[in-house]
Amino acid sequence: MTWEYAPAPESRAIANLKPGYRMFVDGEFVDGTGEPLKSVNPATEEVLAEVSTASAADVDKAVKAAHRAYDKTWGRMPGAERAKYIFRIARMIAERARELAVLESLDNGKPIRESRDTDVPTAAAHFFYHAGWADKLEYAGYGPDPRPLGVAGQVIPWNFPLLMAAWKIAPALACGNTVVLKPAETTPLTALVLAEIIQQAELPPGVVNIIPGAGDVGAELVNHPGVNKVAFTGSTEVGKVIQASLAGTGKKLTLELGGKAANIVFDDAPLDQAVEGIVNGIFFNQGHVCCAGSRLLVQESIAEELLDRLRARVSTLRLGDPLDKNTDIGAINSREQLTKITELVAAGEQEGAQRWTSPCPLPDKGFYFAPTVFAGVTQSMRIAREEIFGPVLSVLTFRTPEEALAKANNTPYGLSAGVWTEKGSRILWLADKLRAGVVWANTFNRFDPTAPFGGYQESGFGREGGRAGLEAYLDV
Amino acid sequence: MAGTTELTDVTRDEGALRRFLHGLPGVDAVGIEQRSAGLATRSIKKASKLRAIELAISMVDLTTLEGADTHGKIRSLCAKAKRPEAGVSHVAAVCVYPDLVATAKEALDGAPVRIASVATAFPSGRSSRQVKLADTEFAVAQGATEVDMVIDRGAFLSGRYGQVFEEIQAVKAAAGSAHLKVILETGELATYDNVRRASWLALLAGGDFIKTSTGKVSPAATLPVTNVMLQAVRDWHGVTGELRGVKPAGGIRTTKDAIRHLVAVNEVAGPEWLTPDLFRFGASSLLNDLLMQRRTQLDGHYSGPDYVTVD
């Protein structure tokens, strides 16, 4: 018997979508003098809103406002007072969770199930967690009276627009810094609603400034002489440019860049849960996750069985309208990203990997890519080396734990890894040897504000979250 | 996973059976619970909800297993089973103690409702093999078309898998043409690994259905446990091509719970299991909630518990 689930769309009216959004500088929403941008719903290709962007002069205004706020109020405010503001932001995010979730799904294309159950609650959790640190910094292990750095210039990506804003702003504020943040060009809306929350929480003007724009605005911001600390999450390519341009300036830098994580499945793994973990590792957020488990390393003796189970499971994933509560895979964030995924998938086929794509129907409009699994991938293929940042899994095999380790580490990246085995000693051995900032055991893509996140090598440096994450925003 | 021919081999002796059951992939508790919680967020609305409610009604094994059961209680249970309310087709079965099977048979009077009876010293299963088999034969002789047996959890937990296996086979033989549901009493098996092993043991021994619980032990049916059992029948089908059923019993009281189970059936085992031949709910109070929610769907408003019959 077939049992179709009726459409269960979340109402888009909940998003309180406005025709225009303005940048937030010095406590006020103002028109930027840059060329306005149009934010598009990737699921329908319709324009959602027009957003004013910052010019070089606006960046300068924002950085100066942040400096004034740092000097006059925020930098000298007792931690216990700062904590009250940060708690207030956390509570207000929780109160407006539904609105933020719907807006995030509209602007980004991710399924409402994820924005509702992961992005928004985790964003609130980051503010809650860091509010707790604000008056306890002397116990963080960075000396008796660790000082803030000043103005933090932060540039964030489009894959988790609100959550990345929270990851950046919360620790900066807790440590006593002020912030100028540039959201991604394709997903500026939730950051600007967060600005509204920050205004309503009555943070002193200038403590947080949010300036939308494209890469040029980001470059202007990180290179502004008034910025004391730069935090960037995005591509390795841009990260390298930022690192080069900041050399010798004395600005403190943390980078969270790309990844090509290995998800290693041994023959004694809990197979059904490993399949879930593989699915969650690569198809969560359409694979637009820097720590995605994009390389599946499976022990050769179970490869066939595991792949059969995986394909059966992936066939049940529901692709479609991001606002439908039963959608598992939403839209690819932009046409550019879709083109990049398509190009790398073609390279995979051309290099001889065996492609399997879920037979799920694709909507007529919007940017979509069906979940795809490549079997018979070898280390030398592009799809094993390059970050695809889409719902595409490359499957490789190994024979021994040593081979698994060698293959997992054989990448210029090093953000995350997963290990699936019922053998505890093997988990510990691998966790010790894997060059990855996060190693998940018998799970994948689990995030918590208490757990530091960050990478090795071309995946960047610095940690976000936990006690370790405070270091990036303190003068230590 | 082993092929069909290898499966006859694994029951050759105690050692082979043990090696097979312990060679099954483990179940990660955090993972199965996360997956179950994820499936529970499916939003089933409108036509799909009504469809699910009607399907769930057709899958109910309407149950009364009380020391206080009387002929009168059974007669009213059977009336409800035949015609839950105006315009609603019958449930799958009634489920009663063996000594009340004859009453149920008489009350059902040829209606297409099956008669399930618990047997084998239900619920503890603590008696001699002889008594358990006599219990089974009695239930069938009285007219039971389905037998819900309990496994010997003591034997299972002490690793005497061969004994559990033989006992299921013996009960299956004693039950004759009656459908055999094997109650694992998952609340006493405690771990998901045990649930998976016991599921395979029951399938290997010829159980037509694997059933979670007696309803007398808490926790009874939970979503993660049902999921592990659905994986077992799915994998059994993969190996042998045979379709076997699953029956969660105990603790499923609301339409919301029932729909969550149906979502799991649909997405974990597959749509072919969405039939009373392969999935049942062992329940008593669930039926009335399904009837109330069905009416809410049809009438567009909620009427309340006084508008369904208490039997």
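Author: Domain bounds here come from an automatic or database domain assignment. Residues are numbered from 1 along each chain as its sequence is written, while chains are lettered from A and ligands numbered from 1 in the order in which they are written. This is a predicted model, where local features need pLDDT of at least 70, side-chain atom pairs count only at pLDDT 80 or more, and totals for chains, interfaces and linings use all residues.

In chain A, domain 1 covers 12-257 + 456-475 and domain 2 covers 262-441. Their C-alpha centres are 30 Å apart. Where they meet, 23 residues of domain 1 of chain A and 26 residues of domain 2 of chain A take part (two residues are in contact if their C-beta atoms, placed from the backbone, lie within 7 Å). On the domain 1 side, helix 3 (97-108) and helix 4 (112-133) of chain A each supply at least two residues; helices (H or I, at least four residues) and strands (E, at least two) are DSSP runs, numbered from the N terminus. That side of domain 1 of chain A has eight nonpolar, eight polar and seven charged residues (Ala, Val, Leu, Ile, Met, Phe, Trp, Tyr, Cys and Pro count as nonpolar, Asp, Glu, Lys and Arg as charged, and the others, Gly among them, as polar).

From here we cross to the other chain. The contact between the chains involves 22 residues of chain A and 25 residues of chain B. On the chain A side, helix 4 and helix 9 (271-283) of chain A each give at least two residues, and helix 9 of chain A gives the most, with five. The chain A side splits into seven nonpolar, seven polar and eight charged residues.

Chain B contains 14 helices and eight strands. Its radius of gyration, 19 Å, is close to the 19 Å that the globule rule gives for 311 residues, so chain B is as compact as a globular protein of that length (the radius is taken over C-alpha atoms, and the rule is 2.2 Å times the number of residues to the power 0.38). Of the 311 residues in chain B, 53% are buried, meaning that 20 or more other C-beta atoms, placed from the backbone, lie within 10 Å of a residue's own.

Now for the close look: the sheet of chain B. Eight strands form an open sheet in the order 7-6-5-4-3-2-1-8, paired in parallel (two strands pair if DSSP finds at least two bridges between them). Strand 7 (245-247) and strand 8 (281-283) of chain B are the edges, each pairing on one side only. From one strand to the next, the twist averages 25 degrees.

Let's zoom in on strand 1 (residues 60-63) of chain B. V60(B) and L62(B) point one way, D61(B) and T63(B) point the other way, and all are buried. Three bridges link strand 1 of chain B to strand 8 of chain B in the parallel sense, with D61(B) partnered by G282(B). Another three parallel bridges connect strand 1 of chain B with strand 2 (residues 93-96) of chain B, where T63(B) has C95(B) as its bridge partner.

Elsewhere in the sheet, strand 4 (residues 146-150) and strand 5 (residues 179-183) of chain B run parallel and are joined by five bridges. There, D148(B) has K181(B) as its bridge partner.

Note on methods: Buried ≥ 20, exposed ≤ 12 C-beta atoms within 10 Å, placed from the backbone. Axes fitted to C-alpha atoms, helices over the stretch in contact; angles between N-to-C directions.
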